[in-house]
Amino acid sequence: MAVYRRSSRPRFTLLLVVLTSITLLTLDQRGSGFGVMATVRDAARDAFAPVQDAADAVFEPVGDFFQGALHYGDVEAENERLRTQLAEQDRTVLAARDSDRERRALLDQQDLDFAGDIPAVASRVVQMSDARFGQTIQLDRGRDAGVAPGMPVVAGRGLVGRVVDVSARRSTVLLVTDPASSVGVRFPLSGDVGVAAGRGRGSTVRVDLVEPDSVVARGEILVTSGLDQSAFPAGIPVAQVRAATAATGALQQDVTAEPVVDLEGLRVVKVLQWSGR
Amino acid sequence: MSRGVVRLSMVLVAALVAQHSVLVNIRVAGVSPDLLLLVAVAGGIAGGRERGAVVGFAAGLAADLLAQTPFGLSSLTFGLVGYGVGTLQAGVIRLAWWIPLATGLAASTAGVLLYALLGSLLGQAHLLRPELVGLAAVVGTLNAVLVPVVVRVVFWVLSGEREHAFAR
């Protein structure tokens, strides 16, 4: 006859699992990104890189298929929106050309040729982080290509973020929209400075420390301030002002701005080999 | 090395590759299914609390290798999830087909929330955000779709362990 006996072994196993995990966590925390756990992680990431590249090549169409299927409604809405936009652009093409000339002139004045002479490493975006874990992207270049933590990352129109983690063949970039990101910015029209803080994927950035009497124009393109100790060189476009309000008696303006780079559709970026802190 | 360990290692490598090449491209509201968390859940469903804890720990260890969060956070969370699912599963008479699906949904959702909670206790405050409950529910739903396949695979893994035990 079978006798049911409540075993303590599962609880012992659980205790073992918890203690081992805590040991790993402690080793990781004590290493602060440079210890044995970081080495293990870097090795795993580098070993996994070729597998991931090969799997990407094979499975990317599968992912695209699912993306298309899951966002079919969005695609239809986007088509409709683009049709409307095209019609509007036909009507305003002349004005747009004029505006473009003006914009170019402004950009020239503001010295927004942001890459300048800074050497850069072109890199492909191999992975975007899950929305649960913050706003980061992974690049297919790492230490072997000259990428180092802290380096600014830019795309066609402006700032993407900065490198926060590097292994031999991979690097991780914290996007400007991540809540942990803060970028010192300058308002080109007034010359005032502020701090652009991330608020999460797909959203605007909040610009803090803008004085109530500072002149902020809607549409103005904020650039990195490049002040002493800044993590970024000066003059990189960061975001375009969407709204600015100052409540009576407030100590600062409430400024929101939209990143100039489409961070959702990143494919290729450049890591600026700048360490001019 | 037991057959179960070899099978589990193979499954975890395959799950890691699938997670970071295929599933990462399947985004709903910015999140993807979490295959390794689901392996932990399936460990609890297929093997009970003890094996659930071990399978969950191993799956978490694999997830930790490529995560940006503290090393050990996934193994701790997934181990607890595997154990929790195994404990609950012991009190359920598996008659209805939907019970594993519901378990996958609820446990994955809880796992995501637990991960963020433990992460915030370890200084990863950004993991705890107002929209997290919604994101966790989406991950839970996506994982539930994969439950039938993953539970079968984990049954296969654990059957290897039993075969090895009988052979001794």
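Predicted model: local features only at pLDDT ≥ 70, side-chain atom pairs only at ≥ 80, totals over all residues.
Angles under 35 degrees count as roughly parallel, over 145 as roughly antiparallel, 65 to 115 as roughly perpendicular, and the rest as oblique. Residues are numbered from 1 along each chain as its sequence is written, while chains are lettered from A and ligands numbered from 1 in the order in which they are written.

Let's start with chain A. It has four helices and twelve strands. Helices here are DSSP runs of H or I with at least four residues, strands are runs of E with at least two, and both are numbered from the N terminus. Chain A has 277 residues, and 32% of them count as buried. Buried means 20 or more other C-beta atoms within 10 Å of a residue's own; 12 or fewer is exposed, and in between is partly exposed, with C-beta atoms placed from the backbone. Next, contacts. Two residues are in contact if their C-beta atoms, placed from the backbone, lie within 7 Å. Take the contacts in chain A between residues at least 6 apart in sequence: 57% join residues at least 24 apart.

Ile22(A) sits in helix α1, residues 9-31. Ile22(A) has 13 C-beta neighbours inside 10 Å, so it counts as partly exposed. From Ile22(A) to Ala77(A) is 55 residues in sequence and 48 Å in space, C-alpha to C-alpha. Then Leu209(A). It is in the loop between β8 (205-208) and β9 (221-224) of chain A. Why mention that? Most residues other than glycine have a negative phi. Leu209(A) is partly exposed, with 16 C-beta neighbours inside 10 Å.

Now, how do the chains meet? On chain A, 39 residues are in contact with 33 residues of chain B. Helices α1 and α2 (36-70) of chain A each supply at least two residues of the side that touches chain B. The largest share comes from α2(A), with 15 residues. By type, that side of chain A divides into 20 nonpolar, ten polar and nine charged residues. Nonpolar covers Ala, Val, Leu, Ile, Met, Phe, Trp, Tyr, Cys and Pro; charged covers Asp, Glu, Lys and Arg; the others, Gly among them, are polar.

On to chain B. Look at α1 (residues 3-21) and α2 (residues 35-65) of chain B. Their axes come within 9 Å and cross at roughly 50°. Axes are lines fitted to C-alpha atoms, for helices over the stretch in contact, and angles run from 0 to 180 degrees between N-to-C directions. So α1(B) and α2(B) are oblique to each other. Who meets whom? On the α1(B) side we have, among them, Leu8(B), Val11(B) and Leu12(B), and on the α2(B) side, residues including Val39(B), Val55(B) and Ala59(B). The residues of this contact divide into 13 nonpolar, one polar and no charged.

A second pair: α2(B) and α4(B). They pack at about 130°, with axes 10 Å apart. That makes α2(B) oblique to α4(B). Leu37(B), Leu38(B), Val41(B) and Ile45(B) in α2(B) meet residues of α4(B) including Pro100(B), Thr103(B) and Gly104(B).

What about the cores? A nonpolar core is a set of buried Ala, Val, Leu, Ile, Met, Phe, Trp, Tyr and Cys residues joined through C-beta atoms within 7 Å. The largest has 64 residues, and Leu36(B), Val39(B), Ala59(B) and Val154(B) have the most contacts inside it. Helix α1 of chain A is one of the elements that supply at least two residues each. Helix α2(B) gives the most, with 19 residues. Val39(B) touches residues including Val11(B), Val150(B) and Val154(B), not counting residues up to four places away in sequence. A second, separate core of 41 residues includes Ala155(A), Leu175(A), Val241(A) and Ala257(A).

Last stop, Asp64(B). It lies in helix α2 of chain B. Is Asp64(B) buried or exposed? Buried, with 27 other C-beta atoms within 10 Å. Beyond its neighbours within four places in sequence, its contacts are Phe71(B), Gly72(B), Leu73(B), Ser74(B) and Ser75(B). Asp64(B) and Ser75(B) are eleven residues apart along the chain, with C-alpha atoms separated by 7.1 Å.
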